[in-house]
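Let's take a walk through this fold together, going from the helices to the sheet and back again. Keep the view open as you read.

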Amino acid sequence: MAFGSFDSGGTTQPMAEINTTPLVDVMLVLLVIFIITAPLFHQAVPIDLPQVDSTPLDDKPIVVNLALDGQGGLFLDGVPTSREGVQAHLAELAPSQPELHLRADRVTPYEKVADILAVAQRAGVMKIAFVTEAAGK
């Protein structure tokens with residue numbers, strides 16, 4: 001019998017006890033290893049860094065506000081303009097990567113909005129935001 005006792009008068013039931021001593025030994029060894037190696041994780045080299053005064057860079061993007069009214073009229077930063085005027089203005093600002101904030105009236109035909117998006121794409125504008133109002137107003 002593999003799980004029985006050595007005396008022949010014992011019961012034939014398997015032994016249901018687990019020896020936890022090796023488990024405790026392994027856990028204590030792991031704890032000691034962790035206690036010894038934990039201070040080694042923080043290896044900082046003391047460096048005397050120079051101190052300088054500098055101003056942070058303000059890299060605020062250029063924002064171009066463009067509005068389309070219900071009749072298809074264009075307003076660039078609040079000033080009425082034409083499609084060609086928008087195209088020239090966006091092409092002029094393209095190297096500085098401007099943001100186009102597009103406000104379109106609710107009844108503006110989709111064709112007009114798509115045309116302005118095509119103009120912005122040809123001018124090299126990569127960031128376009130559609131400005132809306134919160135619901136309930």
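Before looking at how two helices pack, a word on the angles: they run from 0 to 180 degrees between N-to-C directions, and the axes are lines fitted to C-alpha atoms, for helices over the stretch in contact. Bear in mind too that this is a predicted model.

With that in hand, start with helix H2, residues 83-93, and helix H3, residues 110-123. Their axes sit 8 Å apart, and the two pack at an angle of about 30 degrees. Angles under 35 degrees count as roughly parallel, so H2 is roughly parallel to H3. The crossing of H2 past H3 is right-handed. Which residues make the contact? On the H2 side they are Arg-83, Val-86, Gln-87, Leu-90 and Ala-91, and on the H3 side Asp-115, Val-119, Ala-120, Arg-122 and Ala-123.

Strands of a sheet pair through backbone hydrogen bonds, either parallel or antiparallel. Here you have an open sheet of five strands, in the order E3-E2-E1-E4-E5, and the pairing is mixed. Strand E3 (79-81) and E5 are at the edges with a single partner strand each, so one side of each has no neighbour in the sheet. On average, and ignoring direction, neighbouring strands of this sheet are turned by 30 degrees against each other.

Let's go through some of the pairs. Strand E2, residues 74-76, pairs with E3 in the antiparallel sense over three bridges; Leu-74 has Thr-81 in E3 as its bridge partner. Strand E1 (residues 63-68) and strand E4 (residues 99-104), by contrast, run parallel and are joined by six bridges. Along E5, Ile-128 stands opposite Leu-100, and Ala-129 stands opposite His-101. To get from E4 to E5 the chain goes through H3, and this β-α-β crossover is right-handed.

H3 lies across E1, E2, E4 and E5, and runs at about 170 degrees to E4.

Methods. Residues numbered from 1 in each chain as written. Predicted model: local features only at pLDDT ≥ 70, side-chain atom pairs only at ≥ 80, totals over all residues. Heavy atoms only, no water. Helix = DSSP H or I, 4+ residues; strand = E, 2+ residues; numbered from the N terminus. Parallel < 35°, antiparallel > 145°, perpendicular 65-115°, else oblique. Left-handed = near helix turned anticlockwise from the far one by under 90°. Contact = heavy atoms within 4.5 Å. Pairing = 2+ DSSP bridges. Right-handed = clockwise from strand over helix to strand, strands pointing away.
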